[in-house]
Amino acid sequence: MKITVLGFGIAKDIFGSSEIHLEVNEGLNVSDLRSVLEEEYPQLNKLKSYMLAIDEEYAEDSQIINSGNEIAVIPPVSGG
Amino acid sequence: MIEVKISADELDIVSCLAISKDLESGGITSFIGSVRNHSKGKAVVRLDFECYEAMAIKEMRKIAEAAISKYAVRNIVIQHRVGTLYPGEVAVIIVVNDGHRDSVFDACRFIIDSLKQTVPIWKKEIFENGEEWVSAHP
């Protein structure tokens, strides 16, 4: 299935774009997606940490991803 | 009452106080976060703030709801600025009010501390010779 992943802050710089499109297997969970992203964009491993959000909510590693989800990489936040 | 807002325009404490005005509240606290002119020994030229707006609004609202259930305060306003900010400009305003003072001090502290941990907003510091996303790397 095709998914779109949004990148913010330094993730946008790492992607070179505010969103990327990936072809992934059905049934992929958040932890699997991390591996796919880290393989494609190894600079993600250099971050202090990062979270994934699904449909504007922080996601657990075991959460399954569907093609209609809005997925985003959330690097360490620094508002305030 | 909860009001949360992300804005590209200048933030204004007086309007935040007006939004939250409540004749039953005698204690009002505010926190204003402004842009410093230095960071880690280097002069800061400006900050660029970026946000995932839809999620940031949701997370700010969750924090306000948590503050109300934890401290039972009456009204909360949280506003965060995005875009380019120069030293001295206001990046965030929090106003909390309630009948008395104890709860509003605690709630205000809780809100700014939580905002810095969970709300998807990022700032990039621009120095005279370089730039850096804050907190991105270990």
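**View 1. Strand β5 of chain A has buried residues on both faces.** From β5 (residues 71-74), A:I71 and A:V73 point one way, and A:A72 and A:I74 the other. All are buried, with 20 or more other C-beta atoms within 10 Å of their own, C-beta atoms being placed from the backbone. Strands are DSSP runs (E, at least two residues), numbered from the N terminus. The model is predicted: local features need pLDDT of at least 70, side-chain atom pairs count only at pLDDT 80 or more, and totals for chains, interfaces and linings use all residues. Residues are numbered from 1 along each chain as its sequence is written, while chains are lettered from A and ligands numbered from 1 in the order in which they are written.

**View 2. Five strands of chain A form an open, mixed sheet.** The order is β2-β1-β5-β3-β4; strands pair if DSSP finds at least two bridges between them. At the edges, β2 (19-23) and β4 (57-58) each pair on one side only.

**View 3. Strand β5(A) pairs with β1(A) and β3(A).** Three bridges join it to β1 (residues 2-7), in parallel. Here A:L6 stands opposite A:A72. Four antiparallel bridges link β5(A) to β3(A), where A:L52 partners A:V73.

**View 4. B:V96 and B:I111 touch the most other members of the largest nonpolar core.** This core has 54 residues: buried Ala, Val, Leu, Ile, Met, Phe, Trp, Tyr and Cys joined through C-beta atoms within 7 Å. Helix α2 (residues 53-71) of chain B gives the largest share, seven residues. Helices are DSSP runs (H or I, at least four residues).

How values were computed. A residue is buried if 20 or more other C-beta atoms lie within 10 Å of its own, exposed if 12 or fewer, and partly exposed in between; C-beta atoms are placed from the backbone.
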